[in-house]
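Subject: Structure handover

Hello,

Here is the structure for you to look at. Please keep it open while you read the notes under it.

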2 protein chains.
Amino acid sequence: MTAIDFWLSLGSPPSYLASARIDEIAARHGRELRWRPFDIRAMLEREGIRPNVTYPRKGPYARRDWERTARLRGTPFRVPDPFPRPSAPAMVTFYAIENDAGPDAAKAFARDVMAAYFVDNAPIDEPATLARFAAKVGVRAVDEAAGKAALEAATAEADGSGVWGAPFVIVDGEPFWGEDRLDQVDLWLERGGW
Amino acid sequence: MTAIDFWLSLGSPPSYLASARIDEIAARHGRELRWRPFDIRAMLEREGIRPNVTYPRKGPYARRDWERTARLRGTPFRVPDPFPRPSAPAMVTFYAIENDAGPDAAKAFARDVMAAYFVDNAPIDEPATLARFAAKVGVRAVDEAAGKAALEAATAEADGSGVWGAPFVIVDGEPFWGEDRLDQVDLWLERGGW
């Protein structure tokens, strides 16, 4: 069986909410899981979908839904202010860390960055913030060029896999979009599809 | 406690999928439920959201998601062809029936129309189809003017209540959008919020 791909944007609240559940789901079914940050902007532009918070009614609803879902799951969360901030720099750093120190270090960095952004309102687009969290997982010289190339390759792979939103989970070729479809991901793994 | 409002579009697959579960959820918590068809077109235009199937990637994904969710729940379903058809005529007839024969007759009509559309590919925008299903619940003279006025009033009420998508469930003022949030509706009723 191939690994489960967890496509996420480090700046996306539903990606953050999903990140709090997805490892446990994969582990329970004995499956390998790969965290794959990608740059969603070009895909959304091509689709003609704007960031959630820019819609006059869907925007306020989305905030309420994220907060309600976070409370339900006991996941610390608040909508950052300002929101959104650019998340590409954090994802460049993620891949630089993955290249240098491996996927576990990169995942730990991603968790730290998202917690800083979605709990403590940290400026995750600022180099000093990213350097601090990279150092925390042992990477003191971030190779930005390598990280940028890896982010571009990951984004192209996501695009080629039919990904168009975040989070997006692909299990044995079956696509699931959204934090609110993780229950189906769990069932799909349990039953091997239906 | 006030009734739960189930805002739906009779032409919307996720509304149909939700309609297969929502009565049982409300009944289990001893709550009254009102089926409230409304015309979603003006709201979506104002939001800048197009019908799901018109998006290049979200569209095919949505079809797959509807089919997968229907299989999971054992709800008979196929995407109509052509899709979408205008659903306003069916909703006008719904309210004409509600005025004439009460909410139970109108709900039975709605179930019949959606099953015909989403299982048997019936042309639910044709007067003969609607007249046949109206007659089935005992209404042989459909007052279209009254039905149209009631649909407009319901749509205005939905708009005033913050509704912007379908299905949309409001429980004691708390809004839930989407078939995939019915589990939260169920929990909200069980716990009285969180």
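The notes below go through the interface and then the aromatic residues.

This is a predicted model, in which local features need pLDDT of at least 70 and side-chain atom pairs count only at pLDDT 80 or more, while totals for chains, interfaces and linings use all residues. Residues are numbered from 1 along each chain as its sequence is written, chains are lettered from A and ligands numbered from 1 in the order in which they are written, and side-chain values use heavy atoms, with hydrogens and water left out.

The interface

Of the area that chain A buries against chain B, 21% comes from Arg57(A), Tyr61(A) and Arg68(A), more than from any other three residues.

The rule finds 10 salt bridges across this interface (a side-chain nitrogen of Lys or Arg within 4 Å of a carboxyl oxygen of Asp or Glu). One of them joins Arg64(A) to Glu174(B), with the closest N and O atoms 2.7 Å apart.

Aromatic residues

Over all chains there are 32 aromatic pairs. Rings of Phe, Tyr and Trp (its six-membered ring) pair if their centres lie within 6.5 Å; planes under 30 degrees apart count as stacked, over 60 as edge-to-face and the rest as tilted.

Tyr61(A) and Trp177(B) make an edge-to-face pair, 6.4 Å centre to centre with 90 degrees between the planes. This pair crosses between chains, from helix 4 of chain A to strand 4 of chain B. Tyr61(A) is buried at 7% relative accessibility, whereas Trp177(B) is partly exposed at 27% (buried is under 20% relative accessible area, exposed over 50%, partly exposed in between, with a 1.4 Å probe and protein chains only).

Phe176(B) and Trp188(B) are also edge-to-face, at 5.7 Å and 70 degrees. Phe176(B) is buried at 1%, and Trp188(B) is buried at 11%.

Regards

How values were computed: Buried area = accessible area lost by both parts, 1.4 Å probe. Helix = DSSP H or I, 4+ residues; strand = E, 2+ residues; numbered from the N terminus.
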